[in-house]
Amino acid sequence: VPGALCLCLAPVLAAALLSLALASANRARAEVWPVPGGGASAPPDLTVLDIEDLLRLRVTSPGKKPARLIDVPAATTILRSDDLRRQGITTLPEALRNVPGFHVARQSPSNWVISSRGFSSGNSNKLLVLIDGRSVYSKLNSGVFWDVQDTLLEDVDRIEVIRGPGGALYGTNAVNGVVNVITKDAAQTEGLHAGLAGGVESSAQGEARYGFALGESGAARVFAKYSAFDDAVRAQGHRAAEDGFSMLRGGFRSDWERGDRDAYTFQGDVYRGQPRFEATLPRLAAPFAELVRERGDLAGGNLLARWTRELGDRSSLQLQAYYDYTSREDGLFSQDESTGDLELQHRFQPRAGHDVVWGIGYRITRSDFDGDFALDFSPNARTDDILNVFVQDEIRLGERVALTLGTKFEYGDLDGLQVMPNARLAWHVREEALAWLAVSRAVRAPALVDVDSRFNLATLPSQPPIVVSAFGKDDFESEDVFAAEAGYRAQASERLSVDVAMFFNLYEHLRSIEPGTPFVETAPLRLILPAFLENELRGRSYGAELAANLQATPDWRLTLSYSHLYLNLRPTTSSRADDAEIDERRTPRDQVSLRSSHDLPRDLSLDLTGRLLGRTPSLGVDAYAELDARIAWSDPRSGIEVALVGQNLLHHDHEEAVADTGFRPPSAIERAFFVQFTRRLP
Amino acid sequence: VRRAAALLVLLLWGAAIPAAPQEPEPGSDVAEYELKAGFLYNFAKYVAWPEAAFASPEAPIRIGVIGAVPFGPDLERPLRDKTVHARGFEVLRYGAAEDVGLVHILFVPHSERGRLQGILERVKSRPVLTVGEDDAFSRRGGVVAILIERRQPRLQINPRAAEQQGLEIATKLLRIATIVGEAE
């Protein structure tokens, strides 16, 4: 590993040396350090520059900022559109790779393991993901099918990531984190954007967006994106895996205002994807297993409408409704899920020093399942609804101290009443430094897989055959966490910002797999070795995350992130399960990533990202280092950008997650090179 | 080692040494509204107002800003003591479009997007250079938009709107800007 670390960091260090050389060669330039935002130093006077010189400057951060990150008393990371573009990524899940506290592993071109603060698996279920306010977790397994979550990255304004519980605002599933993908207001995306990307062992992509004014005070955009992913390779034997994937997606967003106070958003998406699927599924008749090779069919769409009314300074009312439909047919099963969601939020200041947000929401989900011998559900159709109410008050306790108290109540068909309280104390040590403490409770509601499923994992060839099966249980309870967190975030100097978060979590009622008493089923006669999904696991975790951002020179930024996680799980005394250790070792104990973003002369830019992940025995992967690189030339006048991207440069191929692939054989992700060409026209 | 530790402590607690105002190099990073203040000053150089727009040859160029005040002190400070064609500057802040008085340059921030029509109506056919911040602004009758795209500034000008306001824009400014709204 140290060797790999050197290899991985060598280019970053080389860039550092190069930059230092440039800086000393041009000392005069290093001394005219621009001071963003003033502070203790006198800001530069830009009126002395001529207009053409002004056009060559860049602003330190993009236009509107809804809130300063430094003021948020939670472990938060914000990925801005410019960062996303410069990482050379082509899909949404890749964006989370360098977020502290997150573990991202690609199982195949379309399947991802993504988790926050532990419990990484192909069905990671303690993370809530929202795209423009629409929850995308599946009722089926409380997980996120990342293969169908994407959008035009060009139009993403920012991705707000909150590590730790967010239940008090976001409700169930926000156990260890919340990912909020927020796309740009249509007024910010007028004009034409077109992009093409293609290369070796990578995806081929084409995308286009057209944005236009809509009447006097509105704007709209339409977009389409097509991606085709190459097959990965099989871990054993290095033959091509049959897991390529293509996805076509289209959508629109319109925003408009009426009068001084009302703003409306109406948006929607449709997609259709076809993953190749290869799996060995258990069967009841000899030879008791079948190799299935198919093309899956993933389709879906959604419509969302939002109305916001300003009621005065920091007072507003928001009403949002959406409908979401997904259909999944991936070789193993097919499922249709429809969700309708209605939400009302009201923010107001009842008296000085109080900032109250409260809301009420209702969600109804219908799921229809059509299974296989390997996985089936009983009943195979279900309609569930959840009603929720939340309230939060931010109380000013002084010039520099604020206390936020909040709670959410949810009442659902599968888990009854759940209370998710939260208290956060924020202390501005100084204007640009915040220390915070938080305690919260959050839950993961039972998914259909926890209550209604039956997995037939394997058939052993004997007479009669023996089937190893896992069953969901009707009385499966919510998993819950109590979390205590502390953090410190500071703009330490004009060039350096740091963010440290620490947490201690207590988990109760985690899912365990309990062996049961064998029994016999008939027609044909077989012996069942059963296991049941129960809540007999408990445990604790603690860890720390560090993010640091150094503007080393005006043209060169370094971003470091480090995550440490310790997880200790124990079965309860009544448990006979042995999966505690497996769940403990799913996420690397240590992860480091270092990003270098360099603006070079002649409109060139160079980005390097090195990362190092500790071993994950339960995912079958050893510690590894990887390196991504992107070099780009952009011409601000013509709107043309050409980029060359290399991913996973340190290995010909390697696995990122071998386990939890369902019945599919594991795939290894290959080194990839591609060229991205984009053009923007006003 | 001790010196390094002291330096680190200094860094962490943000004890920055005050610097004199500097002239930034092209390509470097600056705060958004300091940059926009620089543009407003430059527009005064490249736009000609009819003589009747000023009470006297020395009357200052009046810059109005509507709505939420994004500039902070970054607008008044650099313009203090500056002149263009022997005219000084005066900065005026307005809460709403109805309050806008006699100005030569009117800055309309993002926040006023929904009220754009009313604001343009208010200064219609008067020698006022309207300056906005988004693409829609210059397409809907504003004269100049300062757009920030991927942190890079770009100017967008609607010459037809300039004509309607009775302003003459220097060729140099037109050349470096994107032209919109001519087809109408």
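Q: Which charged end sits over the ring of A:F532, and how far from its centre?
A: That of A:K473, 5.8 Å from the ring centre. Keep in mind that this is a predicted model.

Q: And in chain B, what lies over the face of B:F54?
A: B:R87 does, at 3.7 Å from the ring centre.

Q: Now ring on ring. How many aromatic pairs over all chains?
A: A search of the whole structure finds 13.

Q: Take A:F119 and A:Y507. What's the geometry of that pair?
A: The centres are 5.0 Å apart and the planes are at 75 degrees. The cut-off for edge-to-face is over 60 degrees, so this pair is edge-to-face.

Q: Where do the two residues lie?
A: A:F119 is in the loop between β4 (112-116) and β5 (127-131) of chain A.

Q: Buried or exposed, A:F119 and A:Y507?
A: A:F119 is buried, and A:Y507 is too.

Q: Next, A:F333 and A:F369. Stacked or edge-to-face?
A: Stacked, because the planes are at 25 degrees and the limit is under 30. Their ring centres are 5.1 Å apart.

Q: Which parts of the chain does that pair link?
A: Distant ones, 36 residues apart. A:F333 belongs to the loop between β17 (315-329) and β18 (334-348) of chain A. A:F369 sits in strand β19 (residues 354-370) of chain A. Both A:F333 and A:F369 are buried.

Q: Switching to chain B. How many helices and strands?
A: Seven helices and 10 strands. Chain B has 184 residues, and buried ones make up 50% of them.

Q: What about its surface?
A: The accessible surface of chain B is about 8600 Å², with 55% belonging to carbon and sulfur atoms.

Q: Zoom in on B:N158. Where is it?
A: B:N158 is in the loop between β8 (152-157) and α6 (159-164) of chain B.

Q: Why does B:N158 count as buried?
A: Because its relative accessibility is 5%, and the cut-off is under 20%.

Q: What does the side chain of B:N158 reach?
A: The backbone nitrogen of B:R160, at 3.2 Å.

Q: And which residues is B:N158 in contact with, leaving aside neighbours within four places in sequence?
A: B:S138, B:G141, B:G142, B:V143, B:V180 and B:G181.

Terms used:
Residues numbered from 1 in each chain as written. Chains lettered and ligands numbered in written order. Predicted model: local features only at pLDDT ≥ 70, side-chain atom pairs only at ≥ 80, totals over all residues. Heavy atoms only, no water. Helix = DSSP H or I, 4+ residues; strand = E, 2+ residues; numbered from the N terminus. Buried < 20%, exposed > 50% of the residue type's maximum accessible area, 1.4 Å probe, protein only. Polar contact = N/O pair within 3.5 Å; in protein donor to acceptor, adjacent residues only side chain to side chain. Contact = heavy atoms within 4.5 Å. Areas by Shrake-Rupley, 256 points an atom, 1.4 Å probe, with all protein chains shown as cover. Phe/Tyr/Trp six-rings, centres within 6.5 Å; stacked < 30°, edge-to-face > 60°. Lys NZ or Arg CZ within 6 Å of the ring centre and 35° of its normal.
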